[in-house]
Amino acid sequence: MSAPLRQRKSWKALETHYLEINSRHLREFFAEDPQRGERMRRDAEGIYLDYSKNRVTDETLSLLIQLANESGLALHRDAMFSGEHINVSEDRAVLHVALRMPKGTPLVVDGVDVVEQVHTVLDQMTDFANRVRSGEWKGHTGKAIKNVVNIGIGGSDLGPVMAYEALRYYSRRDLTFRFVSNVDSTDFVEAVRDLSADETLFIISSKTFGTLETLTNARSARDWLIQQLGDASAVSKHFVAVSTNEEKVSAFGIDTANMFGFWDWVGGRYSMDSAIGLSTMLAVGPEGFYEMLEGFHAMDVHFQTAPFEENLPVLMGLLAVWNRDFLGCQTVGVMPYEQYLKRLPAYLQQLTMESNGKHVSLDGTSIDYQTGAIYWGEPGTNGQHSFYQLIHQGTTIVPVDLIGFAKSLNPLGEHHDILSSNVFAQAQALAFGKTEEEVRAEGTPEHVIPHRVMEGNRPTNVLLCEILTPRLLGALIALYEHSVFTQGTIWGVDSFDQWGVELGKVLSVQIIPELESSSEPEPSHDSSTNSLITLYRALKRKEDNRGDQ
């Protein structure tokens with residue numbers, strides 16, 4: 001077992017090294033090494049990573065790779081791919097990588113060939129998708145399906161909605177797709193407001209078929225359908241489930257022949273390429289879905305086989321550790337310069353923050369260093385007219401991932417060159433800034449000069465690709481998945497549980513009866529929560545009284 005993180009030889013060397021280079025500027029690094037931009041670039045599976053504008057030297061990278069080796073990254077990686085129970089707090093394997101392994105690849109875990117199971121479900125999904133897309137599947141009144149509504153939350157929503165938006169160019173335009181996740185009734189009401197029940201299919205995505213928000217929305221969807229069609233038996237023609245709980249699925253009214261399973265070794269935030277992606281397959285077809293799986297798998301193989309010095313997920317993960325623990329950066333901005341990727345930052349937010357937002361190590365010991373950063377972002381160029389001011393001149397250093405494409409799926413005049421120029425310009429401006437001398441040389445009045453100086457030295461990764469395809473999307477998501485894994489391994493945390501999410505669920509279930517009570521029982525919480533519950537009841541009664549008038 002390796003020593004605690006801060007006691008490792010490579011970590012101590014990095015602490016010393018940081019003191020030696022912290023005062024140095026990216027301008028110096030580039031001036032001293034004219035080939036830096038070409039040397040510090042790697043590519044894999046259609047993704048070109050330029051990491052030259054990070055505040056690192058060759059020695060930094062060498063020490064970070066030593067840290068990866070000292071942390072047992074290769075061993076942990078191989079343990080994941082072989083199906084060992086690396087999710088220690090839940091005693092589970094972590095096998096999202098099995099979801100995209102080719103048919104016939106043997107992987108026996110706990111006595112079961114998991115890849116064979118995966119492809120059984122993929123075949124079931126393919127058959128169903130083909131029947132819906134061809135019009136063979138008919139609703140209760142004999143009409144074909146024109147609308148698909150995915151009901152889930154967390155990974156059961158963020159993955160499908162991100163993938164649909166990302167691959168909308170490849171989707172069937174005669175099918176309408178909607179996504180409902182929030183238990184706020186507005187989310188459901190607005191999603192179905194203009195839909196006809198006899199042409200609508202609901203996908204209820206809940207592993208246990210017991211998630212409060214998802215089941216609340218599902219029951220409202222069932223009521224909406226029955227109210228329009230007047231027959232409870234219609235549910236079996238308009239609802240399918242992505243779940244493992246046959247009993248609850250059947251009790252809801254869904255034919256279990258239309259239940260698509262997955263496994264406890266698939267975490268929600270790693271599940272978009274499982275049956276949770278059924279809506280994605282319906283949108284882009286089985287061929288497009290399998291192409292996406294190929295991209296996932298190709299990046300998996302790269303992560304497994306490439307030397308750390310050339311390994312994109314490893315390099316991105318190590319740079320993230322450097323920025324978080326040595327440069328003290330608390331957040332990371334993800335800025336895709338591709339409108340179809342507008343939901344990618346939200347997806348990566350869950351992937352990274354739910355995985356590595358942990359305060360104890362694998363053995364339950366409290367840690368004394370920083371772990372997961374806050375991920376956020378917006379598509380370019382919108383963000384440039386919103387929050388880039390702080391990134392350029394604020395007192396908080398925000399490393400940024402800029403994701404660009406050489407070709408647009410919708411070429412239109414000069415649009416794409418203008419868009420892409422901003423990828424390179426923003427990376428350049430963030431790295432080099434503008435000095436006082438440069439501002440003065442432009443004839444700027446003296447009293448304005450301080451306001452126009454930009455110190456630069458702000459880290460960026462530029463990820464440049466040719467064009468957005470299903471395969472590229474799979475490779476891109478797998479790149480971030482394995483970067484998260486690399487970070488979690490260095491920090492020694494369990495990147496695959498999420499107990500912090502569970503606490504809020506438990507407390508909300510306790511509070512619901514107190515909000516619904518008409519007998520005014522005294523809530524037994526802290527004074528703030530008690531006061532808020534009492535105020536809520538009063539406001540609720542006031543609204544009810546006004547409605548009765």
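The model is predicted, so local features need pLDDT of at least 70 and side-chain atom pairs count only at pLDDT 80 or more, while totals for chains, interfaces and linings use all residues. Residues are numbered from 1 along each chain as its sequence is written, and side-chain values use heavy atoms, with hydrogens and water left out.

**Helix packing**

- Helix α13 (residues 312–325) packs with helix α19 (residues 470–491) at an angle of about 50°, and their axes are 8 Å apart.
- The two helices, α13 and α19, are therefore oblique to each other (angles under 35 degrees count as roughly parallel, over 145 as roughly antiparallel, 65 to 115 as roughly perpendicular and the rest as oblique).
- Residues in contact (heavy atoms within 4.5 Å) include Leu312, Met316 and Arg324 of α13, and Tyr480, His482 and Trp491 of α19.
- By class, 11 nonpolar, five polar and two charged residues make up the contact of α13 with α19.

**Cis peptide bond**

- Glycine 380 and threonine 381 are joined by a cis peptide bond, with omega about 10°.
- Threonine 381 is in the loop between β11 (374–376) and α15 (388–393).

**Positive phi angles**

- Most residues other than glycine have a negative phi.
- Phenylalanine 209, although not a glycine, has a positive phi of about 55°; the residue lies in the loop between β7 (200–205) and α9 (212–229).
- Phenylalanine 209 counts as buried because its relative accessibility is 3% (buried means under 20% relative accessible area, exposed over 50%, partly exposed in between, with a 1.4 Å probe and protein chains only).
- Asparagine 457 has a positive phi of about 65° and is located in the loop between α18 (449–452) and β13 (460–465).
- With a relative accessible area of 10%, asparagine 457 is buried.

Note on methods:
Axes fitted to C-alpha atoms, helices over the stretch in contact; angles between N-to-C directions. Helix = DSSP H or I, 4+ residues; strand = E, 2+ residues; numbered from the N terminus. Nonpolar A, V, L, I, M, F, W, Y, C, P; charged D, E, K, R; others polar.
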